[in-house]
Amino acid sequence: MWDDGGVAARTRSWFRGCSVKTTSFNPARFAPPDTSETAGHLQETWAVPARGGRGPITPRPVISRSWQRARRFGVHPEQGTDSVLLQPDELERRRTSTALADVMPTLHGGLGTVADASLQIMVVTDPEGRVLWRAGNAGVLRRADAICLEEGAAWSEETTGTNAIGTALSAGVPVQVHSAEHFVRTLHDWTCAAAPVHDPRDGRLLGIIDVSGPDSTFHPATLALVDTVSRLAESELRTAHLRAIERLRAVAAPLLCRLDGPALVVDSHGWLAAVTGMPPVDRVPLPDSFGAGRSWLPSLGTCAVEPMPGGWLLRVTGGGDPGSAGRVVLDLGEPRRPRVTVSGTAGSWDQDLSPRHAELLYVLAVHRQGRSAAQLAVDLFGDPTRTVTVRAELSRVRRRLIGLLDHRPYRFREEVEVEVLLPDDPRDLLPHSAAPAVLGARATAGPAPS
């Protein structure tokens with residue numbers, strides 16, 4: 001931190017609270033457990049369960065859950081893998097609008113050349129599972145055309161059943177799918193490993209990177225390689241963002257020195273570049289519809305907003321009591337994008353939620369009478385001693401939803417109306433979550449209404 005005429009800037013902990021991968025990854029959890037397992041053995045595993053029965057061999061949990069989802073989506077084990085391709089102009093629009101385009105040289109260098117040499121191909125998709133780019137061995141690319149693993153094709157679980165791209169999208173973790181672990185028989189001659197890539201600026205899923213090839217090219221280290229390259233891509237995006245923050249700070253510092261009253265300069269994602277007249281924060285949550293003019297933000301109140309190159313100048317004017325917000329809509333209907341919308345007399349505001357904050361708000365919405373820190377620790381971790389972690393996360397949530405949450409016990413205020421929008425099938429509730437409260441809700445949910 002430094003000071004220049006009352007201007008302070010944050011240079012550390014800038015990504016705190018952002019959904020980035022910081023924990024170690026054990027590929028053994030998401031890769032086939034026995035590399036010597038024959039195709040016939042896997043076929044035996046697939047044959048009965050894939051048709052809704054109970055087979056003599058239990059598939060890996062990540063595969064079993066994926067097969068269950070595929071059946072609910074109406075995917076048939078004997079169907080093809082064809083899909084309607086994106087039109088060329090739509091494909092180009094998606095390519096140019098994603099941050100993945102900025103790291104394609106890294107992906108090509110880290111995976112493309114390896115895939116080519118090992119008789120495989122690299123595939124990069126968007127958050128919907130649509131293939132944006134592919135590269136690799138020419139012969140395998142021709143084989144991929146036969147299963148519609150081509151640019152513009154759809155590879156989510158909803159369209160193609162269990163496959164590394166779609167299952168990584170649904171599970172939110174790196175995963176390898178080998179031979180008959182694929183739900184659709186057409187893919188039993190293939191092996192694939194995929195990992196999600198998130199935008200470090202806001203935690204949103206950017207897409208999936210995948211390495212696919214004939215099942216004879218299976219190698220247990222492929223998944224670890226794909227996951228490592230996905231982390232490298234995120235690191236490169238994070239470094240580019242830090243450079244952009246530094247450039248914005250250079251412009252902001254002399255400007256804020258001339259202003260009276262509290263003000264901040266943030267980038268387009270709300271990350272702080274400089275501040276004067278008030279304590280610094282790491283990030284100001286901005287709604288999707290944010291623009292110039294007067295705007296109410298839950299963490300600041302009413303602000304006068306002016307555009308700057310690469311960000312916004314926020315002059316805090318006060319007024320518009322955030323506590324007057326009377327309605328909260330927790331939207332969990334889209335499994336991969338939980339959101340919260342707050343509305344009241346001061347205006348409305350909506351934002352994507354991190355997986356942990358979505359879990360917390362869901363539990364508090366279910367238990368309107370409130371939960372203690374120990375109870376929430378059990379709800380989220382199954383461990384009543386994890387209260388320090390719970391309190392830290394709740395502190396971040398309360399800073400984003402000022403005036404909406406009480407503590408002792410933690411709960412939504414009584415005057416606040418809370419609505420929870422659930423997915424069509426309750427078993428798809430927060431599919432990335434392993435929180436006991438969420439697992440219990442999924443386990444007790446009946447089949448979706450027909």
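Predicted model: local features only at pLDDT ≥ 70, side-chain atom pairs only at ≥ 80, totals over all residues.
1. **How α9 and α10 sit.** Two packed helices are described by the angle between their axes and the distance between the axes. Here, helix α9 spans residues 355–366 and helix α10 spans residues 373–381. The angle between them is about 120°, and their axes lie 11 Å apart. Angles from 65 to 115 degrees count as roughly perpendicular, and those over 145 as roughly antiparallel. The two helices are therefore oblique to each other. The crossing of α9 past α10 is right-handed.

2. **What touches in that pair.** Which residues of α9 meet α10? They are Arg356, Glu359, Leu360, Val363 and Leu364. On the α10 side, the partners are Leu376, Asp379, Leu380 and Phe381. By type, the contact has 6 nonpolar residues, 3 charged ones and no polar ones.

3. **Salt bridges overall.** How many salt bridges does the structure hold? The count is 28. The next points take up some of them.

4. **A bridge inside one helix.** Arginine 95 and glutamate 92 join through their side chains, with N to O at 3.9 Å. The cut-off for a salt bridge is 4 Å. Both residues belong to helix α3, residues 88–97. They are 3 residues apart, so about one helical turn separates them. Is arginine 95 buried or exposed? Its relative accessible area is 16%, and the limit for buried is under 20%, so arginine 95 is buried. Glutamate 92 is partly exposed, at 41%.

5. **A bridge from helix to strand.** Aspartate 145 pairs with arginine 134 in a salt bridge, and their closest N and O atoms are 2.7 Å apart. This pair links distant parts of the chain. Aspartate 145 lies in helix α5 (residues 138–146), while arginine 134 lies in strand β4 (residues 131–136). The two are 11 residues apart. Aspartate 145 is partly exposed, with a relative accessible area of 37%.

6. **A bridge from strand to loop.** Aspartate 352 forms a salt bridge with arginine 337. Their closest N and O atoms are 3.0 Å apart. Where do the partners lie? Aspartate 352 is in strand β15 (residues 347–352), and arginine 337 is in the loop between β13 (325–331) and β14 (339–344). That puts them 15 residues apart, again linking distant parts of the chain. Aspartate 352 counts as buried at 15% relative accessibility. Arginine 337 is partly exposed at 36%.

7. **A network.** Some salt bridges share partners. Glu90, Arg93, Arg94, Asp126 and Glu128 are joined in this way into one network.

Methods. Residues numbered from 1 in each chain as written. Heavy atoms only, no water. Axes fitted to C-alpha atoms, helices over the stretch in contact; angles between N-to-C directions. Helix = DSSP H or I, 4+ residues; strand = E, 2+ residues; numbered from the N terminus. Parallel < 35°, antiparallel > 145°, perpendicular 65-115°, else oblique. Left-handed = near helix turned anticlockwise from the far one by under 90°. Contact = heavy atoms within 4.5 Å. Nonpolar A, V, L, I, M, F, W, Y, C, P; charged D, E, K, R; others polar. Buried < 20%, exposed > 50% of the residue type's maximum accessible area, 1.4 Å probe, protein only.
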